[in-house]
Amino acid sequence: MEIIQVNPIERYIISDETKKLTNKQKRALADKMFKEKYQGKTLTYKKLEKEMFVKINRKTRNNFSAHMKREKIKSHRKKIEIAADGQYLEFISNPSFVGSKKEVKPNQSKEHKGNSEYYYFAKEVMIDEAKYKVLINVAEREKRKILYPFVEMIK
C-alpha cells in the first residue's frame with residue numbers, strides 16, 4: 001500500500017497483492033495483522049489542547065468487523081483491505097476531535113459498565129479513487145482510553 005498526502009486528505013492505494021486476495025483471505029490477513037502488529041499499540045490523539053493516549057486492545061480486534069451492519073459493504077471491505085495491507089495504524093492516526101459524551105445508559109450491559117465517557121474523532125481519506133469519512137470512537141474506561149470497537153467509514 002502507498003499513502004499519499006493530498007492536503008488535507010490522505011490517499012491510500014491498496015497494493016495489487018492485497019487486491020488479488022479473496023474477501024475471506026483479506027479478513028484472515030487483517031486478523032493476523034491485528035494480533036501481530038496492531039494490538040497493544042498506543043496512539044496519540046489530540047483533544048482540543050490536550051493529548052490523549054488511546055490503546056488498541058483485543059476488544060478492538062474482536063469487533064473490527066463485527067459492526068459491518070453499520071457500514072456499507074464497500075466501505076467495510078475497504079477498511080479490511082487497509083488493515084490487511086498493513087496500514088491500519090496510519091489509517092486511524094491524526095483524526096480531528098469532534099466532541100464527547102458521558103456514558104448515560106441506565107442498566108448498562110457488561111460491555112458499557114466501566115465506560116465513563118466517549119470521545120469522537122473524524123477524518124477524510126481517499127482509498128484508491130473514492131473518498132470516505134472515517135469516524136473513530138474512543139471509550140474512557142477505568143482511567144484508560146481504548147479504541148472503541150469500531151472505526152466506521154461513510155462513503
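Predicted model: local features only at pLDDT ≥ 70, side-chain atom pairs only at ≥ 80, totals over all residues.
1. Overall make-up. The chain contains six helices and eight strands, and from the N terminus on these elements follow the order β-β-α-α-β-β-α-α-α-β-α-β-β-β. Of the 155 residues in the chain, 47% are buried. Among contacts with a separation of 6 or more, 57% are made by residues 24 or more positions apart. The chain exposes about 9,100 Å², of which carbon and sulfur atoms supply 49%.

2. Strand β6 and its neighbours. Strand β6, which spans residues 115-127, has ten of its 13 residues buried, so the strand is largely enclosed by the rest of the structure. Strand β2 (residues 9-13) runs parallel to β6 and is joined to it by three bridges, with Y12 standing opposite I127 of β6. Strand β5 (residues 96-102) pairs with β6 in the antiparallel sense over six bridges, and here K102 has E117 in β6 as its bridge partner. Strand β7 (residues 130-141) also pairs with β6 in the antiparallel sense, over twelve bridges.

3. The two hairpins. Strands β6 and β7 form a hairpin with two residues between them, and D128 in the turn has a positive phi of about 55°; I127 has A130 in β7 as its bridge partner. The bridge partner of K46 in β4 is E51.

4. Aromatic pairs around helix α2. The structure holds seven aromatic pairs. One of them joins F34 and Y38, whose ring centres are 5.2 Å apart and whose planes meet at 85°, so the pair is edge-to-face. Both residues lie in helix α2 (residues 23-38), four residues apart, about one turn of the helix. F34 counts as buried at 1% relative accessibility, and Y38 counts as buried at 0%. Y38 also pairs with Y88 in a tilted arrangement, at 5.5 Å centre to centre and with 50° between the planes. This second pair links distant parts of the chain, since Y38 belongs to helix α2 and Y88 to helix α5 (residues 88-91), 50 residues apart. Both Y38 and Y88 are buried. Ring pairs link Y12, F34, Y38, Y88 and F91 into a cluster, and Y12 of this cluster is the residue that stands opposite I127 in β6.

5. The salt bridges number eight. In one of them the side chains of D31 and K35 meet at 3.3 Å, N to O, and the two residues, being four apart in helix α2, are separated by about one helical turn. D31 is partly exposed, with a relative accessible area of 30%, whereas K35 counts as exposed at 52% relative accessibility. Another salt bridge joins K131 and E124, with the closest N and O atoms 3.7 Å apart. K131 is partly exposed, with a relative accessible area of 46%, and E124 likewise counts as partly exposed at 40% relative accessibility.

6. K78 forms a salt bridge with D128, and the closest N and O atoms are 3.2 Å apart. The pair links distant parts of the chain, with K78 in helix α4 and D128 in the loop between β6 and β7, 50 residues apart. Both K78 and D128 are buried. A network of salt bridges links K19, K26, K78, E81 and D128.

7. E81 is found in helix α4, which spans residues 73-84. Is this residue buried or exposed? E81 is buried, because its relative accessible area is 8%, and the cut-off for buried is under 20%. Leaving aside residues up to four places away in sequence, E81 touches I14, T18 and K26. Among these contacts, K26 is also a member of the salt-bridge network that includes E81.

How values were computed:
Residues numbered from 1 in each chain as written. Heavy atoms only, no water. Pairing = 2+ DSSP bridges. Buried < 20%, exposed > 50% of the residue type's maximum accessible area, 1.4 Å probe, protein only. Contact = heavy atoms within 4.5 Å. Phe/Tyr/Trp six-rings, centres within 6.5 Å; stacked < 30°, edge-to-face > 60°. Areas by Shrake-Rupley, 256 points an atom, 1.4 Å probe, with all protein chains shown as cover. Salt bridge = Lys/Arg side-chain N within 4 Å of Asp/Glu carboxyl O.
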